[in-house]
Number of protein chains: 2
Amino acid sequence: MENFTFHNTTDIRFGKDRFDQELKDAVSQFGNRVLLTYGGGSIKKSGLYDRVMKALPGLQVTELAGIEPNPKIASVREGQKLVKENDIDVILAVGGGSVIDASKVIASAKFYEGDPWDLVLDSKKRFAIDQLPIVDILTLSATGTEMNTGSVISNPETTQKLGTGGPNTPAVSFLDPSLTYTVSKWQTAAGSIDIFSHLTEQYFDQKGYENDVRNGLIEGIMRAVIKWAPVALKDPENYDARANLMWASTMALNGLPRTGNVNSWTVHPIEHELSAYYDITHGVGLGILTPHWMDFVYSEATRPWFVSFGRNVWNITGDDDDLIAKEAIAKTREWLASLEVPTTLPGVDIETDENFAAMAASAVKVNKLDQKAFVTMTEKDVVSLLEASMK
Amino acid sequence: MENFTFHNTTDIRFGKDRFDQELKDAVSQFGNRVLLTYGGGSIKKSGLYDRVMKALPGLQVTELAGIEPNPKIASVREGQKLVKENDIDVILAVGGGSVIDASKVIASAKFYEGDPWDLVLDSKKRFAIDQLPIVDILTLSATGTEMNTGSVISNPETTQKLGTGGPNTPAVSFLDPSLTYTVSKWQTAAGSIDIFSHLTEQYFDQKGYENDVRNGLIEGIMRAVIKWAPVALKDPENYDARANLMWASTMALNGLPRTGNVNSWTVHPIEHELSAYYDITHGVGLGILTPHWMDFVYSEATRPWFVSFGRNVWNITGDDDDLIAKEAIAKTREWLASLEVPTTLPGVDIETDENFAAMAASAVKVNKLDQKAFVTMTEKDVVSLLEASMK
């Protein structure tokens with residue numbers, strides 16, 4: 001087992017209708033000048049905006065609205081201007097991964113004089129400067145950003161979608177599953193696949209295999225997502241389904257599933273190319289790629305991982321390890337197909353392979369897929385994976 | 001699922017040979033006046049004491065040695081005197097659960113003018129005062145104290161062994177599995193049973209059943225303990241075995257396994273009476289009681305918990321739920337027996353039932369077992385459980 005450090009100080013407030021009472025204290029412990037960030041206005045339609053504003057009496061609230069899915073550097077630049085102009089003390093992010101991701105970089109950008117895209121290109125710059133505290137109210141179970149330091153920001157000018165890390169996780173995260181009752185089937189499926197993919201990326205690792213505490217944690221969260229995602233699709237106001245998906249989202253990417261491993265991801269970097277080129281829904285892209293990636297990496301050498309995955313996640317029994325492994329991949333494929341989102345690239349309107357070579361080159365280069373990964377991939381391997389995903 | 005708050009700020013430094021390099025910074029971030037606490041001198045024999053002292057150049061170290069298993073209030077009183085006299089900034093606890101537990105109460109006692117037993121009797125007093133930061137180097141995988149706020153302190157004068165909570169978890173915990181290579185078979189078995197019992201106490205809960213993220217986490221840690229405890233007994237220097245047990249110990253009682261449940265414990269309070277009356281090894285006592293407790297609580301009403309336990313922890317398959325549940329209990333009994341520690345009360349020299357009524361009365365009273373528990377227990381039920389544990 002590899003050495004590791006785990007130190008995650010986010011204060012998780014999980015449950016129904018807590019923020020109305022607790023939000024003001026949670027925010028004002030950091031000051032009175034608040035930047036409220038949110039997305040496209042659905043929080044106004046749902047009444048959440050009014051509840052939030054009502055919960056913040058006496059605080060000086062500046063707003064940054066319109067943060068889009070796959071958040072763009074333009075929103076971060078706008079946020080940077082606002083936090084500087086208003087000498088903001090704390091950011092209150094209300095939304096899903098995009099809003100919180102953008103807010104984390106804005107939180108750093110208050111203390112940076114240049115263009116915040118520099119901070120995305122080089123995370124080290126963020127560790128050299130301060131970062132505003134973030135309180136968030138999560139409205140989508142997917143990215144896990146509510147309990148980690150990461151963000152993914154897109155730059156349409158350069159066709160780049162890049163991950164960036166900062167020094168701090170959110171200070172306080174309100175996780176109210178009932179706020180996700182109104183999440184569409186499409187987004188519920190995509191979010192669930194995103195969670196599942198975070199788990200596969202960390203589970204299938206060069207080094208983690210002998211850490212059974214971590215393996216068991218991941219396997220347990222996987223079983224929860226596999227069980228409850230279909231329930232949430234069928235019955236959007238099922239509290240237990242929404243609660244399991246939300247807690248799974250947070251636990252899947254808070255540092256615990258990667259304790260004692262090496263943690264080189266493969267499917268996410270490739271999907272980031274799809275989203276950067278075609279602006280498709282991240283989770284849907286992951287779901288398209290994942291079973292083909294499993295086909296690619298499965299071999300005698302990687303069989304032990306797939307056997308554990310089959311036995312402990314899919315409850316497959318028997319003595320033939322090769323059969324167990326292959327059935328586990330088949331069951332993953334079936335489950336993904338059951339979530340009623342496209343399972344091929346043409347299904348998300350990617351009809352030709354014209355950009356495959358460029359995307360493969362970028363994915364391999366940015367994430368060194370040919371040097372470090374559960375199973376390394378060359379550009380040619382990535383092109384083959386994308387071609388396999390066409391049907 | 002119940003609402004919950006999870007906020008655990010302990011900085012976990014897991015792995016081999018880290019503290020030699022990292023200890024000084026970890027300690028001195030809180031000041032230069034250090035109280036070093038430890039147990040009966042095994043750290044001197046093993047060379048750990050010398051390594052620790054060598055890692056702390058320039059710091060002013062006061063020592064409190066001789067903290068016993070089932071730590072006594074006398075050690076806390078001695079520690080209180082030392083932290084006050086020397087105006088200590090930070091406590092460095094080197095040892096197992098007893099040393100760290102006592103240190104946590106000493107950390108509060110610096111800021112209390114009266115007898116620290118008051119603080120054990122009424123934890124609320126500890127939340128009203130400050131608490132010194134604690135850095136620890138763990139030498140036994142068992143109690144989970146390295147990442148929680150709890151302590152258990154014994155008072156031989158009053159025959160009481162009581163749990164107490166404080167405001168803070170340890171600031172930094174160094175978890176080096178190789179430090180447990182020299183732990184005896186007896187203590188390795190007892191520690192593993194303690195971990196397993198922490199998990200059963202939280203798993204079998206009135207409310208937690210629908211939280212599959214938490215269930216999966218617990219089931220995964222259970223599988224790790226079941227697998228690796230026998231390996232550590234057979235091969236004490238197996239790093240993976242020691243690492244899994246150490247990380248399991250920490251994860252089993254850091255707040256995560258109780259997220260979304262009600263968390264009323266039963267077996268621990270009864271065992272605390274055994275230890276208070278007979279000073280037996282806590283984990284061994286838990287192992288003796290647990291299967292009988294399972295027999296007692298198992299019914300049609302509690303069957304779903306036992307079926308999940310059977311399927312996901314013991315990999316029992318089939319369609320007959322009653323059979324799965326009973327086999328799960330039988331397998332638990334077998335595993336405990338395989339750990340080469342006594343499985344009956346006479347095995348730990350408790351030969352008569354003379355104190356059963358008094359112990360039962362105390363356990364029920366202190367922990368309200370007749371009012372809140374997975375399955376409530378009267379004094380008579382507790383006496384029956386103790387009687388069943390005689391053979």
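1. Rings of Phe, Tyr and Trp (for Trp, the six-membered ring) are taken as a pair if their centres lie within 6.5 Å. In this predicted model, such ring pairs link A:Tyr203, A:Phe204, A:Trp293, A:Tyr298, A:Trp305, A:Phe306, A:Phe309, A:Trp314 and A:Phe374 into a cluster.

2. Over all chains, the structure holds 32 aromatic pairs. One of them is formed by A:Tyr203 and A:Phe204, with 5.2 Å from centre to centre and 85° between the planes, an edge-to-face arrangement. A:Tyr203 has a relative accessibility of 2% and therefore counts as buried, the cut-off being under 20%. By the corresponding value of 1%, A:Phe204 counts as buried.

3. A:Phe204 also pairs edge-to-face with A:Trp293, where the centres are 5.9 Å apart and the planes make an angle of 75°. A:Phe204 belongs to the loop between α8 (185–203) and α9 (212–234) of chain A, whereas A:Trp293 belongs to helix α12 (residues 282–297) of chain A, so this pair ties together parts that are 89 residues apart in sequence. A:Trp293 is buried, because its relative accessible area is 1%.

4. Two lysine side chains are placed over tyrosine rings. The charged end of A:Lys16 sits over the ring of A:Tyr239, at 4.9 Å from the ring centre. A:Lys44 lies over the face of A:Tyr49, and here the distance to the ring centre is 4.6 Å.

5. As regards annotation, an unreviewed UniProt entry places the feature "domain: Alcohol dehydrogenase iron-type/glycerol dehydrogenase GldA" at residues 10–177 of chain A.

Notes:
Residues numbered from 1 in each chain as written. Chains lettered and ligands numbered in written order. Predicted model: local features only at pLDDT ≥ 70, side-chain atom pairs only at ≥ 80, totals over all residues. Heavy atoms only, no water. Phe/Tyr/Trp six-rings, centres within 6.5 Å; stacked < 30°, edge-to-face > 60°. Buried < 20%, exposed > 50% of the residue type's maximum accessible area, 1.4 Å probe, protein only. Helix = DSSP H or I, 4+ residues; strand = E, 2+ residues; numbered from the N terminus. Lys NZ or Arg CZ within 6 Å of the ring centre and 35° of its normal. UniProt positions renumbered as here; feature names shortened; annotations may be inferred.
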